[in-house]
Amino acid sequence: MPYKKFKTGGDRCNTRGVSVTAEIKTTRDVFIEEIYKRMHEDENIFFLCADFGSPKLDALREKFPDRFINVGIAEQNLINVATGLALEGYTVFAYAIAPFLTMRAYEQIRVNLSLQAQVKEININLIGVGAGLSYDVSGPTHHCLEDISIMRTLPNMVVFSPSDWALAQKFVDYSINVKKPKYLRFDGKPLPQIYENADAIKFENGFSEIFHGERICLVTTGYMTCKAINVAKKLAENNIPIGVIDVYILKPFNEDLFFETIKNYTHVITLEEAFINKGGLDGLVSTILNSKNSDIQLIRMGFEDAYVFDIGSREYLHKLNNLDEESINKNVKDLTREELK
Amino acid sequence: MSTTDTNNQMDLLSEKAIWVRKETLKIHKIAPETRIASSLSAVEIFVVLYYGKILKIDAKNINWAGRDRFIISKGHGAISLYPILADLGYFDKNELKAVCKEGTFLGGIPDSIIPGFETINGSLGHGLGVACGIAIALKRKNAKESVFVLLGDGELYEGSVWEAIMFAGEHKLDNLNVILDNNRICMLDYCKKILDLEPHEEKFKAFKWDIRTVDGHDVNQLYHSLNILKAERNQKPKLLIANTIKGKGVPSLEMDPLCHIKNLKPAEIDAILVG
């Protein structure tokens, strides 16, 4: 169990209003519960799914049979029906397993969301559950290592990748008020709370500096942010204070503010539960460093150019792919030693 | 409407069809990139929908909430709609002289940047699913307006269309009217020779649709069937199979299995326009 120590409670760190506390919740349940509340007062909301559930969805579909539609295992039609509703002015949430939502229906998303949004206002929120290796033992069809890069490629698309449930809860307002197509990349497993005061979050910037450090900064997204925080805390105990930046909106992104935040580091390590060297989080950071003519060194951590057929827990798969806390820790320490030479 | 009035109206629609066919050929002459054969098979369908006033629309208020929605899923075959929309005042008639030219908004395949087009077109298999969403939305609003969709029969190869066919039947979308431009030819051959799609009736019937079949070049049949389909709210989505001829009106195109990708020479177009 990756976050066992949080479950026992008491382990807290407070830095700039951000904390990791014991409360573990599933992102989708927190988000759906909030949407359910909004649907009582906002009759403009439709919730669609491609035969995919959640404990919190049961109440919603029972209470709002007129505004909940299960289109069946038909992701292409999920996107198209969502588009028709959005063209008529409705706020639409379309919910499915992340790799099927983004990749089976990618061309529907491209044509009817990305292209259409450039001509007409449409508010469609694609909720993809199962980021990265959330569905560890289900194998590579259920793993989702491509979505950050392919969804970031699409013009007019907002890409949200929350690291905890508090961010997702806070994002509900944004999802209703910002009338654009959006991709919400949710983890499939319960996550600990990182943002104790999510109300202070400024989504327009796209990121938060969780720890300010020296020389080395971990730039992470989603599930990996909690790991980065754990690594940073351990290193701080050994007098190696490193930075941690959590990127929760990959698009749009405040590139200037991000560069201001990282410019004094010598090394940036991007850490994502996704393929590297394919335009994901590492691509976002690399493009900024290049455009600013920066000499900050970029180290990319994530999955190499191969699918994961190994069977085992998410933690086991991370170990095999050098994404466990020990590997991250080692990477940082190697860099520190290199610097001392 | 009296018999005389009806006859007059049918004469008018037939005349409009002849005019639209000529205007479409003129567009193809200046923009040979346009898909002429696909656009010619749908001429009478467009003429009856617009000049037969099947569609409730207002060219001066294109986003009017009270309009019927028309989704042209076989977008490449809608060049013949350009002269109609210009004639009705959706945009300036002079734009027709600039189709596919630099700086214009009238491209080889129409998108929602053109007044009168609701959706992004060009990629097949999207229109029906989007129309289902619109139909659900209209029902939710208790709006009495209808949704019309023009599908090409070749589009039925797209799996996403069948997802939508299943959905529409199950959700009893009786405000949804689909016209199938059944010209029986794809890009490379007769559909029958590629992978036979027929019979259509039984397939749609199995998915709880109402089906009618007409000669898609007979304005009288189209007019009467579309009026009936639109008025009928019987818990079923409607399919009008319009049997058409790809390249209708141009002998060298008609029923040539490769007519989809054929361009007409200017002299050939001139000869038809004179005739």
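Reply: A:L218 sits opposite A:V244, a residue of strand 13 of chain A. The strands here are DSSP runs of E, at least two residues long; helices are runs of H or I, at least four residues long; both are numbered from the N terminus. Strand 12 (residues 216-220) and strand 13 (residues 243-247) of chain A pair in the parallel sense over 4 bridges. Pairing requires at least two DSSP bridges between two strands.

This is a predicted model: local features need pLDDT of at least 70, side-chain atom pairs count only at pLDDT 80 or more, and totals for chains, interfaces and linings use all residues. Residues are numbered from 1 along each chain as its sequence is written, while chains are lettered from A and ligands numbered from 1 in the order in which they are written.

Now the whole sheet. It is open, with 5 strands in the order 11-13-12-15-16 (chain A) and mixed pairing. Strand 11 (207-211) and strand 16 (297-303) of chain A are at the edges; each has a single partner strand, so one side of each lacks a neighbour in the sheet. From one strand to the next, the twist averages 20°.

Next, the helices. Helix 9 (residues 224-237) of chain A packs on the sheet and touches strand 11, strand 12, strand 13 and strand 15 (267-275) of chain A. Contact means C-beta atoms, placed from the backbone, within 7 Å. The direction of helix 9 makes about 160° with that of strand 12 of chain A. Axes are lines fitted to C-alpha atoms, for helices over the stretch in contact; angles run from 0 to 180 degrees between N-to-C directions. Helix 11 (residues 281-291) of chain A lies across strand 12, strand 13, strand 15 and strand 16 of chain A. Helix 11 runs at about 150° to strand 15 of chain A.

Key: Contact = placed C-beta atoms within 7 Å.
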